Amino acid sequence: MAAVDLYEMSFAQLENLLAGWGYPVFHARQVWRWLYRQLVTNVAVMSDLPLELRTRLADSVVMHPLETLAVRQSDDGQTEKRLFLLQDGETVETVRMSYHRGHTLCLSSQVGCAMGCVFCATGQMGFRRHLTAGEMVQQVTYFQKRLRDQNARLTNLVFMGMGEPLHNYGATLQAVRRLVDRNGFNLSARRITISTIGIPYAIRALARERLPLNLAVSLHAATDDQRKRLVPAARRWPLAELMDAVAEFASITGRRVTMEWALIKGENDSASHASALAELLDGLLCHVNLIPLNPTGGYVGRPPDRHQVQVYRDILTRHGVPSTIRVGRGQDIQAGCGQLRAHADDACSGGQ
């Protein structure tokens, strides 16, 4: 019988495994705490378990901690990007950002991405495969373990790294539920943001999960024609259908939705674009995050200058649409929004 990956087991699966061996449920809770509170990567160190159980676990399960292939630190020391090697040889990038209020982790949900956003380095590399729930959770536990050694902790998680989280809906929700489990990692769902290019049926399903998650929608255009050019996957889901799903999410959850807008010079940064966006969002419980484009090698577009960004925001303000201008982080190490692509030659080797 093949060994089971302990990181891929839900608590119910772990409980059933141990129950089948004749062990009570409290032993499953002990193992769970070792994994997600103590952050251990070896069953041998789970010292409060009976030796017989540790031995049986060691013979029956495997643990494959993520391996760092490369690491880069931004010049200001506030952003760190790691390239992880997965068990099948694929690679994925994860970014940690430090703020005065805590640490935010930008984690990936896929190797590559099938959505094909033309200005995104991940979209330019195409889709390779989904990440498992365990591979997503391990990005979190890896960084949390390092921060714990500095008497710090991750305070926010954003599923904004490589991939489309709602294209990998099942594994993403498994990971989220493990991370918010009070007996596990125990992070508030209110500190987790799911970012999506806008898959209407998945947004509706997410609303019905009844988790107080934050939703961020990568909008980038206020007309179907323009959005199809920037986000090819949008051909499948017209804006009207997407906006209905977003409104339903806001209505069911009572949570404000973030609408992300990558500002591209000469493409979607004019006064008319701002007015069209304000009209599209009229009456919606939302907030706009304006993101001056982070350049990538596969796209010729560039960000507008600061003045034009401010003009755009001022127009939204006059229309009563709240917005902020995202402060760029990690562009010097290709760790900004849309710049992840999981190539080892983009990062300095080494680092554990």
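Predicted model: local features only at pLDDT ≥ 70, side-chain atom pairs only at ≥ 80, totals over all residues.
Residues are numbered from 1 along each chain as its sequence is written, and side-chain values use heavy atoms, with hydrogens and water left out.

**The chain as a whole**

The secondary structure comes to 11 helices and 14 strands. Helices (H or I, at least four residues) and strands (E, at least two) are DSSP runs, numbered from the N terminus. The C-alpha trace spans about 70 × 45 × 35 Å along its principal axes. The radius of gyration of the chain is 21 Å, close to the 20 Å that the globule rule gives for 352 residues, so the chain is as compact as a globular protein of that length. That radius is taken over C-alpha atoms, and the rule is 2.2 Å times the number of residues to the power 0.38.

Of the 352 residues, 55% count as buried. Buried means under 20% relative accessible area, exposed over 50%, partly exposed in between (1.4 Å probe, protein chains only). Among contacts (heavy atoms within 4.5 Å) between residues at least 6 apart in sequence, 67% join residues at least 24 apart.

**Helices α7 and α9**

Helix α7 (residues 200-207) packs with helix α9 (residues 239-253) at an angle of about 5 degrees, their axes 9 Å apart. That makes α7 roughly parallel to α9, a term for angles under 35 degrees. Axes are lines fitted to C-alpha atoms, for helices over the stretch in contact, and angles run from 0 to 180 degrees between N-to-C directions. From α7, the contact includes P200, I203 and L206; from α9, it includes L242, V246 and F249.

F249 lies in α9. The C-alpha atoms of F249 and L206 are separated by 7.7 Å, though the two are 43 residues apart along the chain.

T155 sits in strand β9 (residues 154-159). The contacts below leave out residues up to four places away in sequence.

| Residue | Relative accessible area | Touches |
|---|---|---|
| F249 | 1% | I203, L206, A207, L213, L215, G254, V257 |
| T155 | 19% | R101, G102, H103, L187, R191 |

Technical notes
Parallel < 35°, antiparallel > 145°, perpendicular 65-115°, else oblique.
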